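Here are a few notes to read beside the model. Please keep the sequence and the 3D view open as you go.

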Amino acid sequence: MFRKILIANRGEIAVRIIRACRELGIRTVAVYSTADRSSLHAQIADEAVCIGPADSNRSYLNIEAIISACEITGADAVHPGFGFLSESSKFARICEKCGITFIGPSPESIDMLGDKANAKKTMEEAGVPVIPGSKGEIKTVDEARELAEKIGYPVLIKAAAGGGGRGIRIVNDSSELDAQVTAAKQESLNFFGDDAVYLEKFIERPRHVEIQIAADKSGNIVHLGERDCSLQRRHQKVLEESPSPVMTEDLRARMGAAAVLAAKVSNYYNVGTIEFLVDKNNDFYFMEMNTRIQVEHPVTEFVTGIDLVKTQIKIANGEELGFSQEDVKLRGHAIECRINAECPDKNFRPCPGTITALYTPGGPGVRVDSAVYQGYTITPYYDSMISKLIVHGKDREEAIKKMSWALSEFIVGGIDTNIEFQLELIRNKTFEEGTYDVGFIETFLEQY
């Protein structure tokens, strides 16, 4: 097993990884920016190294600084968490060249799946259901117009190197096409350094359902059920649950088989997530594959009893999964609410500041993944998510009730949060009935 793992990340996911390493008897190295000098992950790791200023391009995205931190501390592996360098094939290759194990898939798999257009083409050739659209990058507006007329409006223009809802534009008719293609290309260039875009049919009011997979280096691949991530605001997930309220045994089997096939054709190992859109007829379509641990992984851990971070580390160490598809059983229901430092009444404006009071709920089936503490100052430099509240119940009804009282008990003083917003959402009739789709929150906000 690895002697020492460096966590190339920050916040709650860095804390989560450090705790998993402790249980495996592995020493840890935290890296931090000057803005994160007092952060929890830097305090609880065995060692901590400052890698640059607050600007993430000069710290958490600074490959040279991270590799240097590995060298001076003797770390023999790097866990990238999510975001930052977690899906950087360049970083994975440099780690490989330096004799450092990258806890994730191979650089080749990251390349294959990181370009959304090429990933879609690969999946279509393998027989995984995909949304109708371009076979790759759209070179000209005329090409986009011809394809849009063929498959029918509305269509989506999407950044090939995109993620996090960036570089996506809905086009309702031909009069909007020129402007939206230009806007999507510019946004993609600004955020990803690549203006390549592709086009696909816009599936109206679908559900966003993703399948978690785990694959070892010996070719064993299993799926661990699904997560419903349809509750989103501006393509950013707000609340996730497992199982999905619309799932049937037949649909899960078909989606699981498609996810395993997607991993197989990309020679994938480690944990990963295949994201699908599910329409009103329960037909599903491949959207993308995330080659990293997901923010919402705890709901899968609750319903399967499988520690996904430990699984990642063991796979990277060359171990086999140790369980088969028949061993995976989904028990009960889990829900995760993302707690953000933001003000819903002011268009969800981020709210940095010092936490003057903090009380987190507890009890059977209640989990809080967080890196904040009383007296901690939230800076304006990074993502506004400060905690994840996850609950597990014997069924969906119990999980909803548990989440309701857990949110009610959650106290964060000194800053604005979205806790009350999440509480209103969890108590909404449409959510309680499980009949929501990806467009629900926008409708909900009109009444909020």
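1. A residue counts as buried when its relative accessible area is under 20%. By that cut-off, 4 of the 5 residues of strand β19 (residues 366-370) are buried, and the strand is mostly covered. Bear in mind that this is a predicted model.

2. Look next at the partner of β19. Strand β21 (residues 385-393) pairs with β19 in the antiparallel sense, over 5 bridges. One place to check is Asp-369: its bridge partner in β21 is Lys-388.

3. Now the charged pairs. The whole structure holds 34 salt bridges. One of them joins Asp-307 to Arg-16, with the closest N and O atoms 3.0 Å apart. This pair links distant parts of the chain, 291 residues apart. Asp-307 sits in the loop between α10 (297-304) and α11 (308-316), and Arg-16 in helix α1 (residues 11-23). Arg-16 is buried, at 9% relative accessible area, while Asp-307 is partly exposed, at 22%.

4. Arg-169 and Glu-187 form another salt bridge, closest N and O atoms 2.8 Å apart. Arg-169 is in strand β7 (residues 168-171) and Glu-187 in helix α8 (residues 177-192), so the pair ties together parts 18 residues apart in sequence. Arg-169 is partly exposed at 23% relative accessibility; Glu-187 is buried at 14%.

5. Arg-252 forms a salt bridge with Glu-226, at 2.7 Å between the closest N and O atoms. Helix α9 (residues 249-265) holds Arg-252, and strand β10 (residues 221-233) holds Glu-226. Both residues, Arg-252 and Glu-226, are buried.

6. Finally, a network. Salt bridges with shared partners connect Glu-210, Arg-227, Lys-237, Glu-240, Glu-275, Glu-296 and Arg-338.

Definitions and conventions:
Residues numbered from 1 in each chain as written. Predicted model: local features only at pLDDT ≥ 70, side-chain atom pairs only at ≥ 80, totals over all residues. Heavy atoms only, no water. Buried < 20%, exposed > 50% of the residue type's maximum accessible area, 1.4 Å probe, protein only. Helix = DSSP H or I, 4+ residues; strand = E, 2+ residues; numbered from the N terminus. Pairing = 2+ DSSP bridges. Salt bridge = Lys/Arg side-chain N within 4 Å of Asp/Glu carboxyl O.
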